[in-house]
Each structure stands twice: as structure tokens, then as C-alpha cells.
Amino acid sequence: MSDKSMLDRTTALLEKTTDRRHFLRNSALTALVAGVGTACNSAADARPPVVAQAGAATSGAMGAHDAVKAVSAADAMDAMHEKGIKAFPAKTAGKGNQVLAPRIEKGIKIFELTASKIQWETEPGHMVEAWAYNEQVPGPQIRVREGDRVRLVLHNNLPESTAIHCHGLELPNDQDGVPFITQQPVKPGESYTYEFTVPNAGSHMYHSHHNSAKQVGLGLLGALIVEPKVKAAYDRPDVDQVLILNDGAHGYTFNGKSFPATEPIVAKLGQKLRIRFMNEGMMIHPMHLHGMHMTVVTKDGWPVPAPWRCDTLNIAPGERWDVIVNCNNPGTWAFHCHILPHAESEHGMFGMVTALVVQA
Amino acid sequence: MSDKSMLDRTTALLEKTTDRRHFLRNSALTALVAGVGTACNSAADARPPVVAQAGAATSGAMGAHDAVKAVSAADAMDAMHEKGIKAFPAKTAGKGNQVLAPRIEKGIKIFELTASKIQWETEPGHMVEAWAYNEQVPGPQIRVREGDRVRLVLHNNLPESTAIHCHGLELPNDQDGVPFITQQPVKPGESYTYEFTVPNAGSHMYHSHHNSAKQVGLGLLGALIVEPKVKAAYDRPDVDQVLILNDGAHGYTFNGKSFPATEPIVAKLGQKLRIRFMNEGMMIHPMHLHGMHMTVVTKDGWPVPAPWRCDTLNIAPGERWDVIVNCNNPGTWAFHCHILPHAESEHGMFGMVTALVVQA
Amino acid sequence: MSDKSMLDRTTALLEKTTDRRHFLRNSALTALVAGVGTACNSAADARPPVVAQAGAATSGAMGAHDAVKAVSAADAMDAMHEKGIKAFPAKTAGKGNQVLAPRIEKGIKIFELTASKIQWETEPGHMVEAWAYNEQVPGPQIRVREGDRVRLVLHNNLPESTAIHCHGLELPNDQDGVPFITQQPVKPGESYTYEFTVPNAGSHMYHSHHNSAKQVGLGLLGALIVEPKVKAAYDRPDVDQVLILNDGAHGYTFNGKSFPATEPIVAKLGQKLRIRFMNEGMMIHPMHLHGMHMTVVTKDGWPVPAPWRCDTLNIAPGERWDVIVNCNNPGTWAFHCHILPHAESEHGMFGMVTALVVQA
């Protein structure tokens with residue numbers, strides 16, 4: 001920013017903060033014009049005397065010196081905010097939630113999941129230890145169909161035992177994945193096979209159910225999407241987006257990444273977008289979409305009896321909510337958790353922020 | 001309270017806590033009667049010997065000395081509780097959420113909002129720094145109608161840049177108020193004009209969307225109510241109340257004030273009351289109304305497909321919920337957040353407490 | 001576990017973590033076989049040299065020594081987890097939420113509640129101070145019918161004043177139980193009588209409304225169930241279960257007990273189970289049922305206009321939600337709060353965990 005621009009804005013700020021007090025500041029402004037170019041970064045900067053007196057006399061008004069400092073500090077803060085937004089979507093190593101194609105044997109869809117300890121980049125340059133399925137956080141997206149025969153093979157390369165619970169599937173008890181209740185834990189070095197016929201449709205999750213506060217917090221989780229046999233209108237969206245919220249050891253993340261490394265959601269004007277919210281964290285996250293509302297169509301995979309509309313949807317740990325967005329408003333729209341400390345700091349947006357881009 | 005009254009209650013407590021133990025305490029009570037008037041405030045007070053032995057012999061029973069102390073401590077605590085409630089509604093300087101009449105030019109409703117740093121009194125004698133629109137917390141209430149042409153002029157007298165996002169309005173992208181995504185930040189000393197045709201009805205909010213965790217926390221927020229073109233029955237209430245919940249730098253507040261400085265809601269018996277809950281904080285607040293239930297009619301400004309009833313409504317950050325209360329139960333009714341540490345301490349009620357007064 | 005078993009698993013882990021790196025480890029395994037039986041618990045254990053080199057060369061692979069340590073640590077952790085689950089349902093002194101039979105005089109159902117300070121065992125060996133009604137946490141379950149004449153007699157044996165608020169009942173104002181608003185506080189040693197005709201059906205609660213953050217947190221709470229005059233289908237369940245969630249001074253509890261001392265819910269295959277969730281704590285608790293979904297039928301005692309299904313139900317402080325579970329899936333099913341740190345630690349499950357046992 002040029003000194004001239006800062007001067008104009010400083011003068012404006014000074015006028016704003018004193019205009020109701022009929023403050024004669026002509027001489028002060030002259031002093032300010034002379035001093036601002038070189039003085040605004042100087043801590044030892046002498047306060048223009050006339051303005052100083054006026055500032056003292058009019059409680060609440062901003063002195064010229066303070067105005068210069070405010071504009072300068074604001075510029076510094078804004079630069080950080082701008083830098084974050086300009087970096088979006090930032091590149092990082094690794095991408096979670098990639099659809100995993102099954103191997104098919106005798107009509108059975110087989111998914112292999114290997115749990116191991118990895119390094120994961122949540123935002124540029126920020127590496128965290130993750131415990132991951134197939135070296136992805138979230139783990140690979142598993143998509144099956146109601147009635148499919150599915151085999152899930154878990155290989156445990158972790159230093160702890162583990163197990164997989166299919167959260168939301170109404171499986172036979174011995175496939176439920178809870179160590180010492182429905183199975184033995186899967187020890188380090190061991191493999192374990194789950195096999196079942198998919199009983200119910202919807203947006204579900206798979207995750208560890210052993211030492212889970214730690215293991216899920218570190219990344220042992222993924223989306224398990226079951227297409228229904230009979231489709232509703234909302235089962236044929238133009239864009240189908242899984243959005244897994246997390247707030248554990250990796251910070252505030254969407255699909256394993258923090259802003260500006262979160263992935264934007266992109267749709268064309270007029271398209272129907274389905275978002276499948278899933279909360280794998282420990283806190284609620286009320287998700288707020290700008291510019292368009294969301295129509296809630298399913299809860300935990302079950303159709304709601306009457307769809308309802310909102311722009312802020314509160315998602316609690318373990319919940320899944322599916323919404324439809326009619327993308328009728330072109331532009332780039334902020335889309336974030338409305339617990340503001342999960343989304344923005346003095347250094348700019350971070351964590352649970354992404355954008356919905358509606359292309360005209 | 002008279003010494004006689006304290007004596008009676010001490011005796012009663014003593015009887016209660018020992019009655020199942022068939023404790024003969026006649027002589028102890030005589031000693032107690034003689035001593036209580038002068039001894040109950042003495043830390044060096046000698047324990048009546050007979051009672052002391054009984055207390056030792058009957059584990060769990062309360063000795064006479066303890067009974068005296070309990071009654072005395074209870075009275076002291078109760079006095080604090082009573083003082084708070086008797087002070088309600090307490091006077092403080094400043095009132096937020098006042099309806100702002102627009103200036104109308106060529107059919108455009110113009111609202112001027114000046115953001116500045118002020119001192120704000122949240123409860124008697126408790127001053128906090130606030131960043132406020134038009135020196136109010138919450139900022140002035142803006143009421144418009146679906147289809148209105150509206151101009152919002154923001155004057156920034158703050159030491160930081162800022163911007164206004166109309167939370168819930170489905171505006172054209174360039175009016176969305178998100179710095180570096182839809183506009184440049186409004187620097188200290190600058191003004192900025194938003195102008196749009198109001199696209200959708202309902203209970204919405206306007207607030208800063210720049211360094212928002214801090215700026216909204218400090219008070220840069222207000223209600224933005226859009227009357228619908230076509231009114232439902234609940235759009236014609238007898239009393240229409242906005243209730244903005246906050247939990248930031250100013251503590252737990254309703255419309256910028258903490259109990260006992262919160263404002264009671266007043267309705268006449270038989271009237272319909274509409275409450276527009278808005279959460280501008282960082283935490284959920286399950287609002288509990290005594291004496292009557294609430295019927296939920298809209299979520300984020302959108303009519304719910306089928307109204308539903310409750311007495312405790314959980315409101316998450318960014319959410320708005322409108323309810324109708326059929327004021328059919330006369331009296332003064334507590335109305336508070338049911339996270340009890342947001343509403344009461346050992347010193348009495350505080351924070352997120354108000355009352356609904358139904359006048360017979 | 002035998003050394004042989006640990007060896008097998010260590011070998012497997014070693015293979016898993018290195019298999020993509022074509023690591024020749026035959027000699028290392030020979031060394032490992034020789035050493036594992038005695039060395040696995042030795043901190044000074046010498047690392048097999050060949051494996052050590054390989055481990056250094058293949059970043060991310062697990063060395064044989066690490067593999068041994070991992071299996072050993074995993075076994076130790078699993079043993080703690082198993083111990084907790086094997087202990088379930090663990091015996092503790094005291095049982096809360098027991099149905100209290102009223103004394104009936106002239107058609108009035110009279111319930112006597114004595115508030116006193118007790119010691120309460122939340123899980124085996126863990127004693128806490130509780131403030132309790134009738135020496136139970138939660139207090140005794142009160143069951144009445146819409147239209148009943150009820151007298152509630154409170155005896156205060158606590159060292160503080162108190163009062164009872166019937167949360168959810170739409171009582172005449174003077175029976176609402178809020179000190180200094182609707183009544184004087186009930187002092188230590190005093191008794192107080194509430195009397196009213198039950199106005200509305202549903203799952204409600206009674207609790208202290210004086211110094212409530214402390215008093216409710218310590219246990220002064222209980223279920224108040226009102227049967228409706230006209231019953232819906234869900235009012236005739238085979239099993240009717242109250243589940244009071246709390247997170248105060250006693251830790252994370254269901255009906256006053258922490259896992260493994262929580263009580264399992266037991267139903268027969270094909271039965272309808274009604275669960276009445278009530279949150280008396282300060283935090284949300286999204287309750288997740290494995291194996292079957294829940295159909296939400298009432299909110300705060302009010303029938304929902306259209307029942308809806310879920311497997312994870314978010315319950316906020318002060319809320320009551322009734323659900324029906326069609327017990328069609330036999331087995332022992334985990335049932336827990338899905339804020340995982342409320343349910344599991346490195347030491348195993350704890351706190352807000354129980355099981356639904358569906359008997360075939």
C-alpha cells in the first residue's frame with residue numbers, strides 16, 4: 001500500500017472518530033501529512049501536539065497518532081488474512097476420502113484396509129502423526145449398495161490393537177467390531193475379516209472402536225456410503241460430496257485438511273449438490289453456508305419425514321446429516337463452522353473453512 | 001432474620017438429621033437455645049458437649065453446632081441469591097437491539113451503521129470494552145420487508161478493518177461481506193455501502209465477517225428481521241421478541257446484558273409471544289422456559305414443515321429458531337439457559353437468565 | 001498369552017510393515033525367535049542388528065524390536081480394556097432411579113423426598129459426595145398420571161437451602177419451585193410441600209432450582225414420568241427405560257453410575273423398548289446405539305409431529321427425548337455417548353457406556 005493511501009485513510013479515520021465533536025484539526029492534519037510517510041513504523045514517534053490535546057479533551061475520539069497506528073496495524077492484519085485466502089486451495093501432500101474400488105470375488109465386494117502410522121500434512125508445512133487406513137485421512141471412501149455382499153479385510157500395522165465398527169450399519173452382532181463384546185481385538189501384525197450383507201442404506205462411517213478416543217482422533221475413520229435399492233430424488237444429485245468434520249489431534253479439519261488446504265466444493269449454476277456431513281470429532285460443529293440454504297433430507301442415513309431448510313446445521317459427534325443445496329446463486333461462497341474460533345483467528349481464516357463455488 | 005427464627009430452624013434441622021436414630025437431645029437443645037443468639041457467628045464457639053457426643057456416635061447425623069453453622073451459611077447464601085433477584089430488572093447504561101428507523105431515499109431504505117469501540121455496561125457496575133454498531137450491543141435491530149430495496153452504510157471507526165455479512169440473506173455474491181472473497185476489507189476510517197433487494201424472509205443476523213472470532217465476540221452483531229410478503233399466523237404475534245444469546249468477551253448475555261440487567265419479556269394473559277432466538281456465541285445454549293411450552297415455527301427463517309413443541313430448545317452458534325408461546329399461565333416465569341453454570345453460581349443467578357412475565 | 005502366540009504375532013507385524021519393501025529378514029527372524037521369550041520385557045534388550053539396519057534403511061517400517069514392544073504394549077492395554085468389559089455390569093452400593101410408590105390420602109398421591117448429603121459409589125471403589133433425594137442418585141423415579149392430584153413433600157437435611165422445580169410440568173406459578181421468584185427457599189431443617197394437579201404428560205424431571213449448578217451437579221435430580229390419559233402406541237412399550245445423563249461432580253454417568261457399573265438394558269427379541277433420555281448435565285451427549293436405530297417419538301414430553309429415525313441422538317442439557325427401539329437384532333450392543341472421551345480412555349471403556357442386550 002502506498003503512503004498516500006494510508007494517509008488518506010488515516011485522515012478519514014480521524015474525521016470519523018471526531019466529527020461529532022466539532023474538532024478543528026486543520027493544523028494537526030498538516031502535521032500528520034508531513035509525518036506519516038516515515039513515522040508510522042517508529043515506536044518513538046512523537047505525538048503531534050495539537051491532536052494530542054484534542055484527543056485528551058474529547059474522550060473516545062481517536063488521536064492522529066493512534067489513527068496512524070490503527071491503519072498500519074489493520075494493514076498488517078489484513079495482509080495475513082489475504083495471504084490465507086489467496087493460498088486457498090493450498091496444495092498439501094496426501095488426499096483422504098478417495099473412493100476405494102473393491103476387488104470382486106464370486107460376487108463379493110472386497111475392501112482391504114491397512115491401518116498404519118503415517119505423517120500427514122493438514123495444511124502447508126504442518127505435519128502431524130496420523131493413524132490411517134491405506135495412508136489416507138479420512139480413510140478411503142467405501143461405496144456399496146444395499147443388499148451387497150461385502151468383505152472388509154483389516155490389516156493392523158499399528159503398535160496397538162484395533163477393530164473396525166461400521167457406525168450406522170445394522171449388522172449381525174458378531175460383525176459389529178467392538179473388542180471383548182463382539183470380537184477379540186485385532187492385535188498388531190494381525191489381520192481380521194468382516195463379512196456381511198449390507199442391511200441399510202445411507203451415509204455411514206467406519207472407524208476404530210478400540211481405544212477409540214485416541215485412534216479415531218488420530219485418523220482411523222472413513223465414510224461408508226450405502227446407495228439405496230430404491231432411489232429418492234435426492235439420491236440423484238449432480239454433485240455428491242462427503243464432508244467429514246474432525247477436531248482431534250489434527251486440529252479443526254474437513255476431510256483431514258485445514259484451511260487453506262481444504263478442498264472447495266464446485267458445482268455449476270442450477271445443479272443439485274448433496275452434502276453428506278459426518279462428525280468424527282468431540283465437539284459440535286454448526287455448519288453455515290453462505291448465499292444459499294440447505295434442505296435436510298436424511299439423518300444418520302434415514303430419510304427425514306419432511307425435509308426442512310436451514311443455513312446453519314448443527315452436527316454433533318457421531319451424527320450424519322445429508323442436505324441438498326440448489327446451487328442457484330453464482331459465486332464463491334464461504335462455508336464454515338460457525339463456532340468462530342474454529343474458523344478464524346487474528347491471523348486469518350483457518351481450520352473449518354472451505355468454499356462452495358457455484359460456476360455461472 | 002431474627003435469632004428466634006434461626007433457632008427454630010436449627011432445631012428443626014437437628015431433628016431431621018437425627019430423627020431416625022432416636023437421639024435424646026433435650027439437654028443439648030437447652031444448651032443450644034442459650035448459646036445460639038451470641039455464638040452463631042463465633043469461630044471459637046464451644047461445641048455443646050452432649051450433642052457433640054451424639055454426633056460422633058451417629059455417623060451421618062448433624063450435630064447441633066453444625067446445624068447452627070449450616071443455617072447461618074445458608075442464610076448468607078440465600079441473601080446473595082435474593083439480592084440478585086430483587087435487583088431484577090437492574091438498570092444499566094445503554095440498551096442494545098433498538099429498532100433503527102431507516103432514512104428513505106427514492107424508495108430505498110437506508111441504514112447507517114457506525115462501528116466503534118465503546119465501554120458497555122453488561123450488569124450494574126460491570127464495564128467491558130465493546131466493539132459496537134451505533135454504540136449498542138447488540139447493534140440496532142434492522143427490520144425490513146421481503147422485496148425491499150435496502151442500503152446498508154458501514155462507517156468503520158475501529159482500529160481494525162471490518163466488513164458486514166448478512167447471515168441468512170441469500171444475497172448476490174458481491175454483497176456477502178467476506179473480505180478477500182467478495183470484497184476488500186473496510187479499513188479504519190473508511191466507509192462501505194452494501195445495497196440489495198431483500199431476497200428471503202425470516203430472523204437473520206448481521207455481523208462482522210473479518211477477524212470475526214474477536215469482532216463478533218466484542219459486539220459487532222445485530223438482528224436483521226425480514227417480514228415476509230405473505231404472512232403466516234405466527235407472523236402476527238401480540239409480542240415479538242428478539243433474544244440474542246452471546247458468551248464471548250462480555251460473559252453470558254441476552255441482548256448484551258447479564259442477569260439481573262437482562263430485560264424481562266412481558267405479555268398479557270392469552271397473548272401470543274414470538275421469540276426469535278439467535279446465537280452469536282461460541283457455545284450451545286439450551287433455552288428453558290418455565291410454566292409454558294414453546295412451539296417451534298421457523299429455523300433460520302425458514303418455516304418448519306410441521307411445528308413441534310418443547311420446553312428446552314438447544315440453540316447452536318449461528319442458528320436462529322423462532323418459537324410461539326401461548327401465554328396462558330399467569331405469573332413471573334424463570335427463563336434461562338439450562339447449562340446451569342451459565343445461569344447460577346453460589347452467589348445467585350447471573351448471566352443467561354431472564355423472566356417471562358404473563359400478566360393476568 | 002503364550003510366548004509362542006506373541007512370537008507369531010510379532011512376526012506377522014514385522015511382515016506387514018515391511019512387505020512392500022522386499023526386505024529380506026530371515027536371519028533377523030531367527031534372532032527374534034531366539035530372543036522373544038525372555039527379552040520382550042527387558043528395557044536393555046539389544047536390538048537385532050540386521051533388523052536395525054533394515055529399519056533404518058526403510059523409513060516407516062517397523063523393526064523387529066519395535067514389533068515385539070508393540071505387541072507387548074498392546075497386550076497390556078487390551079488386558080485393561082478386557083477387564084473393564086468383563087466386569088460389566090459391576091456391582092456397586094446404592095441404586096438410583098427406583099420407582100417410588102406414593103402414599104395415597106383422600107385420592108392424593110403423596111411423595112416424600114428427603115434431601116441429604118451422602119456418599120455414593122459411581123463405580124466399584126469410587127466414592128463421591130452426593131447430595132441426594134432419599135439417598136439415591138438419581139432420586140427416586142416418580143410416576144404419576146395426567147390429571148392426578150399430587151403432593152410432593154420436601155425435607156431439607158442439607159447444609160444449604162434448596163427447592164424443587166418440576167422441569168417440564170406447566171404448574172401454577174406458586175408451585176414452580178424457584179426461590180425468591182415463586183417461593184421462599186427451603187432452609188436447612190425445614191420441610192416444604194408442593195401440591196398440584198398434573199397438567200401435562202411426558203418424560204419430565206424434578207431437580208433443585210437453588211444454587212442449582214452445584215446442587216444438581218451433586219445429584220439433586222430425578223425423573224418425573226407422567227402417563228398420558230390417552231395413550232399412543234409408543235405408550236405401551238414392552239420395556240420402559242429412563243436414562244438420565246450427567247457429567248458433573250460425579251463424572252460421566254448414566255443413572256448415577258459409570259461404566260462398568262452402569263446397568264444394561266435388557267429386552268427380548270421382537271420387543272419394543274422405550275428409552276426416555278434426560279440430560280441433567282452441562283454438556284451435550286450424542287447417544288449412539290449399535291445394531292438398531294431409534295425412532296424419536298417425543299421431545300420434552302410432547303409428541304413429535306412425525307417420528308424420525310436415527311442411530312445417534314444429540315441430547316442437550318435440560319432436554320428429554322423419548323425413542324422407540326424395535327429390538328429385532330439379537331446380541332449385546334454397545335450403547336454410549338459418541339463424544340469418545342466421555343466413553344473410552346487408554347485404560348478402556350468408562351463413563352457413559354452401557355449395553356442393550358437383545359435376548360434371542
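**Notes on a predicted three-chain model**

1. Let's start with helix 4 of chain B, residues 64–87: its 24 residues reach 35 Å from the first C-alpha to the last, close to the 34 Å expected at 1.5 Å a residue. (The expected span is 1.5 Å times one less than the number of residues; helices are DSSP runs of H or I with at least four residues, strands are runs of E with at least two, and both are numbered from the N terminus.) The buried residues of this helix are B:Ala64, B:His65, B:Asp66, B:Ala67, B:Val68, B:Ala70, B:Val71, B:Ala74, B:Asp78, B:His81 and B:Gly84. Here a residue is buried if 20 or more other C-beta atoms lie within 10 Å of its own, exposed if 12 or fewer, and partly exposed in between, with C-beta atoms placed from the backbone. As background, an α-helix has 3.6 residues a turn, so residues three or four places apart point the same way.

2. A word on conventions before going on. This is a predicted model, in which local features need pLDDT of at least 70 and side-chain atom pairs count only at pLDDT 80 or more, while totals for chains, interfaces and linings use all residues. Residues are numbered from 1 along each chain as its sequence is written, and chains are lettered from A and ligands numbered from 1 in the order in which they are written.

3. Now chain A as a whole. Chain A has five helices and 22 strands, and buried residues make up 54% of its 360 residues. Take the contacts in chain A between residues at least 6 apart in sequence: 73% of them join residues at least 24 apart. (Two residues are in contact if their C-beta atoms, placed from the backbone, lie within 7 Å.)

4. Chain A is divided into domain 1 (3–87) and domain 2 (103–359), with bounds that come from an automatic or database domain assignment. Where they meet, domain 1 of chain A puts in seven residues and domain 2 of chain A six. On the domain 1 side, that is four nonpolar, two polar and one charged. For these classes, Ala, Val, Leu, Ile, Met, Phe, Trp, Tyr, Cys and Pro count as nonpolar, Asp, Glu, Lys and Arg as charged, and the others, Gly among them, as polar.

5. B:Arg145 has B:Glu227 as its bridge partner in strand 9 of chain B.

6. B:Val144 counts as buried because 20 other C-beta atoms lie within 10 Å. Leaving aside neighbours within four places in sequence, B:Val144 is in contact with B:Lys109, B:Val150, B:Val198 and B:Val226. B:Val226 is 82 residues away in sequence, yet the two C-alpha atoms are 5.0 Å apart in space.

7. Chain C has an open sheet of six strands in the order 11-10-13-18-15-16, with mixed pairing. Strand 11 (253–254) and strand 16 of chain C stand at the edges with a single partner strand each, so one side of each is left without a neighbour in the sheet. Further in, strand 13 (residues 272–279) and strand 18 (residues 320–326) of chain C pair in the antiparallel sense over seven bridges. C:Phe277 stands opposite C:Trp321 of strand 18 of chain C.

8. How are the copies arranged? A rotation of 120° with 0.0 Å of shift along its axis superposes chain B on chain A, at an RMSD of 0.0 Å. That is the relation of a three-fold axis. (Superposition is by least squares on the C-alpha atoms of residues with pLDDT of at least 70 in both copies.) B:Ala306 comes closest to the axis among the residues of chain B, with its C-alpha at 4.6 Å.

Technical notes:
Two strands pair if DSSP finds at least two bridges between them.
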